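Here is a short report on one protein model. Look at the sequence and the structure first, then read on.

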Amino acid sequence: MRKPIFTKSIKILIVSLLLLAVFFRKERSQKLMALAFILWAVVTVGILLFRQSGKLFKKCRALCSALKQKIGQMMESSEEIPSPFPVQEHPKEPVPPAKPAFPAPDSREYETMLLHIALRITEKLKSAYPQAVWQWKDTPSLQDILKGGTIRILVENMDTYTHADISFDRFGRIHVEPMVIGSFADTGNGNGAGAVPQPSGTDEDSTPEPSVVDVRVWYELIGQKVLEELITDLNANGHSMLTIKENGDIVVSCQKKKILKATLDSFPGKAYWKELVSILEENELKGKISDDSLQVSWI
């Protein structure tokens, strides 16, 4: 492309110079010829630069397109191939921990879990009081029970106890705290509200309860509390041993006499005494079985 441009421009330059030399005087023609040469050089160089710049622009444009295409291919490949280094994402807001899902109060799962809890409570109570019956004081919340909350129940046939607090620890073990809760009764005749029922005195009321089924439960519900309170007082007075008779009476020796201190309800029969001795040893007490009594010492 350069050869035709130079050929045509040189011909035009030569013709222009000849015409200037012919039609003008020597001094003036020389100035005009120099000016024509300069003009020719500027125009020629301008045309060459313009063409070169157009080619350079096309090359730059093609290079940019190639770079864009290459970058696009690299981005696609980076999405398909997992990065060897873990990418840590920082969320804008902290995600709260997932809360444990509880069944709906009206669902069958909810009723089944409450029924299972009720059966465990019944089993625990009847181990110490075989004739015991109970009911919820208020409808319990399954969520509160599973979180270790305390639920109160109404009990019957558990000696003088009227209520009990039920709770489960984090290991799923059930704890029962029996108690007596009463109210001021109205005095008066008749069977009106607040009348205190009188014992009937029938043979049915005096029928002894069946033997204890679970000695450990009996000790947790009845024996442990009575013995701990009594031993604390006796130890302060210098005693180191007490005796439990077959009927549950607790006596101590004082001036060669047996003094009655308390009575254990539903005391297990002799067939359970060996197991009771083992339980006492777990609680740092020493038991010794005799013919008609159980001796308990703590020093």
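Glu 282 and Arg 216 join in a salt bridge, with 2.9 Å from N to O. A salt bridge here is a side-chain nitrogen of Lys or Arg within 4 Å of a carboxyl oxygen of Asp or Glu. Glu 282 belongs to helix α6 (residues 273-282) and Arg 216 to helix α5, so the pair ties together parts that are 66 residues apart in sequence.

How open to the surroundings are these two? Glu 282 has 51% relative accessibility, so Glu 282 counts as exposed. Arg 216 is partly exposed, at 36% relative accessibility. The cut-offs are these: buried is under 20% relative accessible area, exposed is over 50%, and partly exposed is in between (1.4 Å probe, protein chains only).

## The model as a whole

This is a predicted model, in which local features need pLDDT of at least 70, side-chain atom pairs count only at pLDDT 80 or more, and totals for chains, interfaces and linings use all residues. Residues are numbered from 1 along each chain as its sequence is written, and side-chain values use heavy atoms, leaving out hydrogens and water. The average pLDDT of the protein is 76, and 74% of the residues score at least 70. Over residues 186-207 the pLDDT is below 50, and beyond near neighbours in sequence this stretch has seven contacts in the model. pLDDT is the predictor's confidence in each residue, from 0 to 100. Where pLDDT is low, the predicted coordinates should not be read in detail.

The protein has six helices and nine strands. Both are DSSP runs, numbered from the N terminus: helices are H or I with at least four residues, and strands are E with at least two. Of the 299 residues, 25% are buried. The protein exposes about 22,900 Å², and carbon and sulfur atoms supply 58% of that area. Accessible areas come from the Shrake-Rupley method with a 1.4 Å probe; for residues, only the protein chains shown count as cover. Among contacts with a separation of 6 or more, 46% link residues 24 or more positions apart. Contact means heavy atoms within 4.5 Å.

## More salt bridges

How many salt bridges does the structure hold? The structure holds five. One of them joins Arg 173 and Asp 169, at 2.7 Å from N to O. Arg 173 is partly exposed, at 48% relative accessibility.

Another salt bridge pairs Lys 137 with Asp 138, where the closest N and O atoms are 4.0 Å apart. Lys 137 is partly exposed, with a relative accessible area of 42%. Asp 138 is exposed, with 51%.

## The nonpolar core

The largest nonpolar core has 47 residues, of which Leu 125, Leu 242, Ile 244 and Leu 294 touch the most other members. Helix α5 (residues 215-236) gives the most to this core, with ten residues. Such a core is a set of buried Ala, Val, Leu, Ile, Met, Phe, Trp, Tyr and Cys residues joined through side-chain atoms within 4.5 Å. In soluble globular proteins, nonpolar side chains tend to be buried together.

Which residues does Leu 125 touch, not counting those up to four places away in sequence? They are Ala 132, Trp 134, Ile 153, Val 155, Met 158 and Val 176. Thr 243 sits in strand β5 (residues 241-245). Thr 243 is buried, with a relative accessible area of 10%. Leaving aside neighbours within four places in sequence, Thr 243 has contacts that include Asp 249, Val 251 and Leu 294.

## A nonpolar surface patch

Some nonpolar side chains lie on the surface. Val 15, Leu 19, Val 22, Phe 23 and Phe 24 form a patch there, with about 510 Å² of accessible area together. Patch residues have over 30% relative accessible area and no salt bridge; like charges are joined within 9 Å, and nonpolar side chains (Val, Leu, Ile, Met, Phe, Trp, Tyr) within 5 Å.

Leu 19 is in helix α1. Leu 19 is partly exposed, with a relative accessible area of 45%. Phe 24 lies in the loop between α1 (2-23) and α2 (26-80). Phe 24 is also partly exposed, at 34% relative accessibility.

## Two positive phi angles

Most residues other than glycine have a negative phi. Asp 159 has a positive phi, near 55 degrees. Asp 159 lies in the loop between β2 (151-156) and β3 (163-168). Glu 284 has a positive phi near 60 degrees. Glu 284 is in the loop between α6 and β8 (286-289), and is exposed at 72% relative accessibility.
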